[in-house]
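Hi everyone, thanks for coming.

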Amino acid sequence: MRLLVTGGAGFIGSAVVRRAIADGHQVVNLDALTYAACLDNVKSVSNAPGYAFEQADIRDRAALDRILATHEPDAVMHLAAESHVDRSIDGPGDFIETNITGTYNMLEATRAYWTAQGRPEAFRFHHISTDEVFGSLPPDPEVMFTEDTPYDPRSPYSASKASSDHLVRAWHETYGLPVVLTNCSNNYGPFHFPEKLIPVVILNAIAGKPLPIYGTGANIRDWLYVEDHADALLLVVQKGQVGRSYNIGGENERTNLDLVQTLCSILDRLRPKAQGSYADQITFVADRPGHDARYAIDPTRIREELGWRPSVTVEEGLERTVRWYLDNEDWWRPLQARAGVGQRLGVKA
Ligand SMILES: NC(=O)c1ccc[n+]([C@@H]2O[C@H](COP(=O)([O-])OP(=O)(O)OC[C@H]3O[C@@H](n4cnc5c(N)ncnc54)[C@H](O)[C@@H]3O)[C@@H](O)[C@H]2O)c1
């Protein structure tokens, strides 16, 4: 397929680009290269014959029209977004503009392109979203997010993503645009920008710095290895039913405290300290305002309809991730100098 991937220089988008090229697809990577982007994430495929890069902002409609007309994709995979909840608390404006207005531009540019192509049935607009749109779950392990869970976003980030999901469904119902949607749980793995919890913990640990845990660390997240997410996305864009959404999750619920302790014990094994454990560096800090208590995905639909399953257990995935950060200082060291990285953000309420 000829795929137009937005946000392909980010964490998940770059995993999609790498996997799509490996699977023999042609890929146009459209990315504005914001603070969260790194073209090194796609260096391994940047010379592949099927790969092209377009630096463009999804808020720039004319650029989107030009790129669609030039590359004539069979499908759009829309991942470009502002993605860090803490930044959305300090500055929601960028989240409204990119996640909502940007998605509106993507939909309108894609609709114009698809109409000009004669409205091909096989075309897909795949919108990549998050489980955070569903709000917060009670601790009861029987209760999980399904595709029918009502939306209840509670941060500027999740509210902006929820809005974009609604726009995508409306463009399907109103204009017939052939869309598919996915809502995924927390991802982790190589190339995760060093402002997010898992890389922060690994990199602070080896630098001898405190390992910050928000509140009491009791918040529960459902973790998925990023390459398993990329596989799921490529499956949905090719085989997903039009108009349908699919929840994607690893069925790996962990409290944040548990997760950080697991990372510390992996590090204790792979790079032991002269004395004591990395867990001694754990520090509890003020909680994030509106911090959702629990997210958990029921992935029954994608498993039963499309046969997807994660290939990596959380133990294997975390170990691979720790090893990757230990081996790739050249990648993460320069990113730590970018604005806001390493600072506590999102404490304003
Ligand atoms: N990280 C997660 O755990 C997770 C989980 C579920 C869903 N998602 C969703 O997956 C997508 C990708 O997330 P990520 O973690 O890879 O994000 P990321 O922040 O690592 O990457 C986002 C990419 O989008 C680009 N971008 C941002 N604004 C843009 C604009 N206006 N125009 C063009 N490009 C722009 C950035 O330059 C960056 O390369 C997002 O839509 C996010 O909501 C993320």
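**The nonpolar core**

Let's begin inside: the largest nonpolar core has 87 residues, and those touching the most other members are Val5, Val16, Met77, Leu79, Ile202, Leu233 and Leu263. A nonpolar core here is a set of buried Ala, Val, Leu, Ile, Met, Phe, Trp, Tyr and Cys residues joined through C-beta atoms within 7 Å. Buried means 20 or more other C-beta atoms within 10 Å of a residue's own, with C-beta atoms placed from the backbone.

Please remember that this is a predicted model: local features need pLDDT of at least 70, side-chain atom pairs count only at pLDDT 80 or more, and totals for chains, interfaces and linings use all residues. Numbering starts from 1 along each chain as its sequence is written.

What does Ile202 touch, not counting residues up to four places away in sequence? Its partners are Leu263, Val322 and Tyr325, where contact means C-beta atoms, placed from the backbone, within 7 Å.

Is H7 mostly covered or mostly uncovered? Mostly covered, with 11 of its 14 residues buried; among them are Val226, Glu227, His229 and Leu233.

Finally, the ligand: 31 residues surround it, and the closest are Gly7, Gly10, Ala32, Ala37 and Ala81. To count, a residue's C-beta atom, placed from the backbone, must lie within 6 Å. Helix H1 (11-22) and helix H4 (92-116) are among the elements that give two or more residues to this shell.

Definitions and conventions
Helices (H or I, at least four residues) and strands (E, at least two) are DSSP runs, numbered from the N terminus. A residue is buried if 20 or more other C-beta atoms lie within 10 Å of its own, exposed if 12 or fewer, and partly exposed in between; C-beta atoms are placed from the backbone. Two residues are in contact if their C-beta atoms, placed from the backbone, lie within 7 Å.
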